[in-house]
Amino acid sequence: MTAELSYHNQPPGLWSLYGKALLPKGQPPAKDLVLPDLKAELTGVSTTNRHLSRYQEICGFEAGTSVPITWPHILAFPLHLKLLTEKTFPLPLLGLVHLRNTICQHRPIGAGEVLDIEVRLEGQQHTGRGLEFDLVTEVRSAGKRVWEETSTNLYRQSSGTGPDRKQGTGKPELARYPNTLDIKAGESIGRQYGRVSGDLNPIHVHALTAKAFGFPRAIAHGMWSKARVLALLEQQGSWQDGPVTVTCQFKKPFFLPGSAQLNWRENKDCWDYQLLNARGDAPHLSGEIRWG
């Protein structure tokens, strides 16, 4: 039986969920555990709130009549956090790794448009790295689906019962694309993005809290990096209108403060892109933009 949570106009409050995120989950999850069927919905929510303009500024999106393609992810984040902090969800939130994200926007979403958002758990799979699962988000306007997202997360376990998706021992050759732009991220970008997104994971907000989790410095949010990339690519003269799907694979951490290179290649209906480190020899993320 699927456990369904429902909210109208306003999402669940984040501060109580932050507290739950810090609570221990007890015994380590079993290798063969099955995640519960969980679903949450938020109906009648406006795309415009007090954080929209600041989000556009932090990520570099130009203001317009439609919201950024990544903005519905922010609207859905309280529902994501609600599901991942439920008592029946057995994995510790702070132990999860965001592996991949795919957004499909069927049409631009207007600023001030009223939406219904549904989030659910799907796609559980045991791999050589541990347990992978998807957070699936669907957004509707007047009953029609206008936006959807799949975010794949990993809970690391010492050994999996299924195949390791990351097969092979050799380092893959890094692609080289003809277009390049520099990106700079200040030390405070994690805190700035955290305040507007609601994602205050300690590894992102300060070097001291990141060190407690084994990182030398704070790490930029993966979804900030993806949004920053898209904000720059949308400003290119050859960017297209219409339905679009954007895939993203998160790779090496982007430490703060830091610099990176946005590198991309334009084809007729598909662009390839990657965010490389300052030296240009390792990727922070890579993906594809496909229209139609």
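Reader: Which residue stands opposite leucine 262 in strand 10?

Author: Leucine 275 does. It sits in a pairing of strand 9 (residues 258-266) with strand 10 (residues 270-277), which run antiparallel and are joined by 7 bridges. A word on the basis: this is a predicted model, where local features need pLDDT of at least 70 and side-chain atom pairs count only at pLDDT 80 or more, while totals for chains, interfaces and linings use all residues. Residues are numbered from 1 along each chain as its sequence is written, and side-chain values use heavy atoms, with hydrogens and water left out.

Reader: What makes strand 2 and strand 4 a pair?

Author: Two strands pair if DSSP finds at least two bridges between them; strands are DSSP runs of E with at least two residues, helices runs of H or I with at least four, numbered from the N terminus. Strand 2 (residues 38-46) and strand 4 (residues 114-127) have 6 bridges, in the antiparallel sense. In this pairing lysine 39 stands opposite arginine 120, and arginine 120 has valine 136 as its bridge partner in strand 5.

Reader: Why are strand 1 and strand 7 said to stand at the edges?

Author: The open sheet has 11 strands in the order 1-2-4-5-6-3-8-11-10-9-7, with mixed pairing. Strand 1 (3-8) and strand 7 (179-185) each have a single partner strand, so one side of each is left without a neighbour in the sheet.

Reader: Why are helix 2 and helix 7 called roughly perpendicular?

Author: Helix 2 (residues 52-59) and helix 7 (residues 222-234) pack at about 80°, with axes 8 Å apart. Axes are lines fitted to C-alpha atoms, for helices over the stretch in contact, and angles run from 0 to 180 degrees between N-to-C directions. Under 35 degrees counts as roughly parallel, over 145 as roughly antiparallel, 65 to 115 as roughly perpendicular and the rest as oblique, so these two helices are roughly perpendicular. Contact (heavy atoms within 4.5 Å) is made by Tyr55, Ile58 and Cys59 of helix 2 with Trp224, Ala227, Arg228 and Ala231 of helix 7.
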